[in-house]
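Good morning, everyone, and thank you for making time for this.

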Amino acid sequence: PAEGAMGLPSKDNPSSTSYASMGSIASISEKLDALYEAAKEPLIGEKEEEHSATFRVLRLLATVIAVSLGSSFQFGFATGSLNNLEPVIPPALAALGHPISIAQWALINSSFSVGGLLGSYGCVVPLARLGRKRTLLLANIFVFTSSVLMYVGTRWWVLLLGRVSVGVVAGVAQMAAGSYMTEISPIGVRGAVGVCSQAGIVFGIAFANFLTAPVFHTLGTREHWRMVFLVPSAFSLFQLCVLPFCPESPSFLIRAKGPAAASATLRLLHQHESASTHMDTLQQQVEDGNGDDDMTIVELLQSTKLRKQVVVGIVIKMGVQFSGIDAIFYYSTMMFRDAGVTDPQLATTLLSLVNLVITFVAMSLMDIAGRRRLIMTTWIGMCFGFALIYAAQTLGMAYGIMPTLMSNLQVVAMVLIIISFAVGVGNVEGFIISEIMPMYAKDTLLSIGQTLNWLSNLTVSTLFPIVFAAIGRQAYLIFVTLTFGFGYFTYFKLPETKGKTLREVTAEFDKFS
């Protein structure tokens with residue numbers, strides 16, 4: 001009934017008055033569920049024609065768009081929003097009598113990683129209690145908080161709090177967005193759907209760079225820079241309008257509401273055979289988990305049957321950051337300036353567009369080439385790219401051999417690094433854990449992996465300029481060595497997961513020593 005959906009008293013639900021007055025997270029989540037149940041009836045009833053392929057695709061598409069633009073986008077936009085505003089914000093606040101030192105500006109930037117740590121670790125309990133959909137919806141509170149703080153802030157510590165707030169959203173998005181989309185999608189398109197999380201991130205980076213690049217005359221000025229930080233709230237409003245009417249993850253529903261609820265959701269998104277196969281896999285995972293609760297971190301680390309998967313998940317999560325991609329994302333403008341590029345900010349924006357385009361290319365390749373092959377492509381391409389930067393700088397700067405050509409070659413090498421990252425591990429890392437871990441251990445490993453991911457992000461973004469200033473181009477050899485090591489590990493330790501159920505993937509892991 002409509003009354004029950006809104007938390008008002010009704011004949012069939014006499015206790016709903018107490019729910020309406022609770023004001024707790026549990027009450028909010030129950031109302032969202034009731035609203036979804038009430039609103040979905042006209043669209044997804046029990047008639048067979050309403051479960052046609054068209055409606056299944058529309059439901060999946062609506063969910064993917066709402067999550068990609070409402071959650072993953074926030075991560076990317078926050079990553080790219082301050083890069084081109086460094087010459088704008090400090091002078092603007094100094095004119096108001098509140099100057100920002102270099103150290104304070106560095107703290108504002110790095111506090112995003114602190115928020116990411118808080119979000120990735122702090123959302124484990126909400127994910128288990130509320131599910132992926134409602135956790136993502138509640139994270140929008142931090143988006144609005146960040147927008148307000150960044151828009152009205154005139155002191156550095158207010159901006160820092162704004163960055164921490166949006167960092168929390170990024171941490172939640174990395175924990176839930178990719179897994180959510182992977183869990184609701186049929187096996188045949190699981191890879192392409194999983195890539196959409198990364199697509200939202202790189203779109204956010206590109207859009208932020210576009211809005212703040214001076215050459216485009218948009219918002220990257222002293223008069224309009226605050227408007228940049230209202231953009232995330234607009235995307236959050238879009239998600240709040242769409243996502244409540246989308247299905248919840250079947251992996252959550254089978255534990256929270258039983259097999260019937262999970263099966264009903266699968267029938268809305270999958271063909272009959274795919275739904276049955278997926279349901280059998282979920283039920284097997286429930287039996288293997290020996291209960292409804294997620295494994296604790298200690299239990300997961302002590303589990304011998306999941307040890308190989310745990311190591312692979314951790315290495316991939318840390319490898320993304322230690323591959324050197326953050327050195328490109330955070331300091332590409334500095335690198336382009338050193339390479340003699342006329343407009344480094346425009347070059348950074350164009351580099352982010354390359355990243356965006358290749359991400360969409362990767363969507364078409366993910367379920368054709370396979371995860372393992374694409375990850376190997378990343379490590380080989382990035383290893384060669386950093387080696388090429390080192391060689392070009394050595395020949396051009398140390399030996400004076402064709403310096404202009406060597407300068408251009410460094411730009412080509414950076415593009416190669418971006419393409420290699422985007423086509424493989426940059427997309428796969430967002431959902432690979434969902435493909436190799438059972439649902440009772442998935443969120444726990446995601447929490448461990450994301451915590452290490454954010455710590456690695458903080459380490460690279462903080463230490464790279466210091467190391468680069470100390471040893472110069474030799475710093476690139478660090479990334480050459482690391483990417484070679486990650487490639488060696490992937491080749492010998494990671495099986496292919498494309499088009500396979502969890503049981504089949506587990507059998508593949510058993511073949512590795």
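Predicted model: local features only at pLDDT ≥ 70, side-chain atom pairs only at ≥ 80, totals over all residues.

Does Leu58 count as buried, partly exposed or exposed? At 46% relative accessibility, Leu58 counts as partly exposed, where buried means under 20% relative accessible area, exposed means over 50%, and partly exposed is what lies in between, with a 1.4 Å probe and protein chains only.

Residues are numbered from 1 along each chain as its sequence is written, and side-chain values use heavy atoms, with hydrogens and water left out.

Let me stay with Leu58, which lies in helix H4; helices here are DSSP runs (H or I, at least four residues), numbered from the N terminus. Together with Val57, Leu61, Ile65 and Phe238, Leu58 makes a nonpolar surface patch of about 420 Å², and helix H4, residues 53-81, supplies the largest share of that patch, with four residues. For such a patch, residues need over 30% relative accessible area and no salt bridge, and nonpolar side chains (Val, Leu, Ile, Met, Phe, Trp, Tyr) are joined within 5 Å; the areas come from the Shrake-Rupley method with a 1.4 Å probe, and for residues only the protein chains shown count as cover.

In soluble globular proteins, nonpolar side chains tend to be buried together. A nonpolar core is a set of buried Ala, Val, Leu, Ile, Met, Phe, Trp, Tyr and Cys residues joined through side-chain atoms within 4.5 Å. The largest nonpolar core in this model has 82 residues, and those with the most contacts inside it are Leu243, Leu300, Ile328, Phe386, Met437 and Phe464. Helix H17, residues 307-338, gives the most to this core, with twelve residues. A second, separate core has 23 residues, including Ile89, Met150, Leu211 and Val228.

With which residues is Met437 in contact, once its neighbours within four places in sequence are left aside? They are Leu300, Leu306, Gln309, Val310, Lys442, Leu445 and Leu502, where contact means heavy atoms within 4.5 Å.

Next come the aromatic rings. A pair of aromatic rings is described by the distance of the centres and the angle of the planes. Rings of Phe, Tyr and Trp (its six-membered ring) pair if their centres lie within 6.5 Å, and planes under 30 degrees apart count as stacked, over 60 as edge-to-face and the rest as tilted. By this rule the count comes to 21 aromatic pairs. Phe73 and Phe235 are stacked, because their ring centres are 3.9 Å apart and their planes stand at 20°. Since Phe73 lies in helix H4 and Phe235 in helix H12 (residues 231-242), the pair ties together parts that are 162 residues apart in sequence.

Phe75 counts as buried at 8% relative accessibility, and Phe112 is buried with a relative accessible area of 1%.

My last topic is charge. A salt bridge is a side-chain nitrogen of Lys or Arg within 4 Å of a carboxyl oxygen of Asp or Glu, and by this rule the count comes to six salt bridges. Glu183 forms one with Arg132, the closest N and O atoms being 2.8 Å apart, and this pair links distant parts of the chain, with Glu183 in helix H10 (residues 156-184) and Arg132 in helix H8 (residues 132-138), 51 residues apart. The side chains of Lys442 and Glu183 also meet in a salt bridge, at 2.8 Å from N to O; here Lys442 lies in helix H23 (residues 439-471), 259 residues apart from Glu183.

Where does that leave these three residues? Arg132, Glu183 and Lys442 are linked in a network of salt bridges. Glu183 is buried, with a relative accessible area of 4%, Arg132 is buried at 5%, and Lys442 counts as buried at 4% relative accessibility.

Note on methods
Helix = DSSP H or I, 4+ residues; strand = E, 2+ residues; numbered from the N terminus. Patch = residues over 30% accessible without salt bridge, like charges linked within 9 Å, V, L, I, M, F, W, Y side chains within 5 Å.
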